[in-house]
Amino acid sequence: MAGGKGDKPANANKSAAVAKSSKGRKKETGLGLTNTKDGNFGEWYSEVVTNGEMIEYYEISGCYILRPWTMAIWEIMQNFFDPEIKKMNIKTCYFPLFVSNNVLQKEKDHIEGFAPEVAWVTRSGDSDLEVPIAIRPTSETVMYPYYSKWIRGHRDLPLKLNQWCNVVRWEFSNPTPFIRSREFLWQEGHTAFATKEEADTEVLEILELYRRLYEEYLAVPVVKGKKSELEKFAGGLYTTSVEAFIPNTGRGVQGATSHCLGQNFAKMFEINFEDEKGEKTMVWQNSWAYSTRTIGVMVMVHGDDKGLVLPPKVSAVQVIVIHVPYKDADVKEIINACSATVKTLCDLGIRAEADLRENYSPGWKYSHWEMKGVPLRIEIGPKDLANNQVRAVRRDNGEKVDIPMADLVDKVKGMLDNIQQSMFDVAKQKRDACIQVTRTWDEFVEALGQKKLILAPWCDEEEVEKEVKAKTKGEIGAAKTLCSPFDQPELPEGTLCFASGKPAKKWTYWGRSY
Ligand code: 87F
């Protein structure tokens, strides 16, 4: 059912149409967005991801169709991450989508909080299933019974598996494409070691890969740090994360997590091994994941009032070549020049395409590919042909330069590298401008009102964090800890907690979050 109910906002997806007037000339309707990033962020975001052809709304609320423009980004990230973890000797596996109630309940203690989000299959055809089966919200309970079976002696360790799959969490609060959807794609890594030291090391190695994914590929600055006791994965020992920030909404967003599970699951699922001395010992485990949420964060950080802005490294098309015919010019010759340009670029590994459609004007195409966020546009018209040059236009800052044909590949490569770096630099500058150090409760409340990313000295007490949450609870959500950065500013002796006035133990980032 195209255009079904789902949770599609009122004017998402009214993508531009080109109509022909009675004279047969092209008449173009506005391709642009109807909302601005600063004006109405939520509506702007929906428009950007639909008009940019990343997603299509679906009739089931919280579920979205991921279109090729999205999947190309996902695959590029996968093509970075998967070989990296293979270098770490992590193997690929695939476990079933379904979990029996029996096994799911094994996790009882900490599944309790998550239970409302678990989706169940209760029927096949007309008959009820004898026992309902759950759809995986994450795969600890699916996998660990087999870890127990497969791990016997110290020679079976480490056991390091990763799977690329979908998971379902039946969220009830405000679904948002990529950021909060009921089904999403992710990789989940689950590893078991003989020692805690090995587990600790891996947690940080994976976290560094997540940082690189965000910073080097998506051009999004992140903070690496440790989650508070309240915010960590309750089933684990400690949780590390990369945290991003969306300046427009003043919200933090957990980018990816790498957990040390300690021996909690080993205890529950009896994952033991006989060590070198012949003694029965429990394994140490980690689990870690990044999901399609990464893509939403990237869109929110870089998008502008013309639509998506994609970092060159993850864009399916890095260069779009458009011919600009003029009344009396030889169109064929221009088209040939465009095709030759694309071939030259592609031969050297640049992802280039030409849009040679005759039924759209150059202006319409400019807007179309701007909406889709293509990093670089090359225009070729009669004058460029005569001068043996092309005109290049950057998506990120609108800068225009003429490139002599002879320098094409070098110049384009240089520009793409420059765009990638400059998108990160600009995003980091904007993020950093939002960081506010607060030392007192009043400063904290003021900064929160100004949508800041707050860095504050904290006593690290759970009760105090709960209190801060309670006191800041409002319509747009309470403030909570995002993480305690590994890169800690100096904390002079005698520094007090902004909230409790007790001696501060660490600097911690606070804010509202997704
Ligand atoms: C929702 C329903 C049921 C999150 C849930 O972060 C269970 C859960 O266990 C649940 N939502 N979680 C925590 C997931 C922890 C962990 N799993 C492996 C990760 C990384 C990958």
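Let me start with Ser291, which, leaving aside its neighbours within four places in sequence, is in contact with Trp74, Phe184, Leu185 and Trp186. Please keep in mind that this is a predicted model. Ser291 belongs to strand β16, which covers residues 284-291, and because its relative accessible area is 12%, under the 20% cut-off, we call Ser291 buried.

In total 15 residues surround the ligand, and the closest are Phe114, Thr138, Glu140, Arg169 and His259. By kind, the shell divides into seven nonpolar, five polar and three charged residues.

Now, which side chains have an N or O atom close to a nitrogen atom of the ligand? For Glu140 the distance is 2.6 Å, for a polar side-chain atom of Thr138 it is 2.8 Å, and for an N or O atom in the side chain of Arg169 it is 3.3 Å. Of the 480 Å² of accessible area that the ligand has on its own, the protein covers 94%.

Pro83 lies in helix α2, residues 68-87, and with a relative accessible area of 39% Pro83 is partly exposed. Helix α6, residues 196-217, has 22 residues and reaches 31 Å from its first C-alpha to its last, close to the 32 Å expected. Its buried residues include Val203, Ile206, Leu207 and Tyr210, and just after α6 comes Ala219, with a positive phi of about 60°.

Methods
Residues numbered from 1 in each chain as written. Predicted model: local features only at pLDDT ≥ 70, side-chain atom pairs only at ≥ 80, totals over all residues. Heavy atoms only, no water. Helix = DSSP H or I, 4+ residues; strand = E, 2+ residues; numbered from the N terminus. Expected span 1.5 Å × (residues − 1). Buried < 20%, exposed > 50% of the residue type's maximum accessible area, 1.4 Å probe, protein only. Contact = heavy atoms within 4.5 Å. Near = heavy atom within 4 Å. Polar contact = N/O pair within 3.5 Å; in protein donor to acceptor, adjacent residues only side chain to side chain. Areas by Shrake-Rupley, 256 points an atom, 1.4 Å probe, with all protein chains shown as cover. Nonpolar A, V, L, I, M, F, W, Y, C, P; charged D, E, K, R; others polar.
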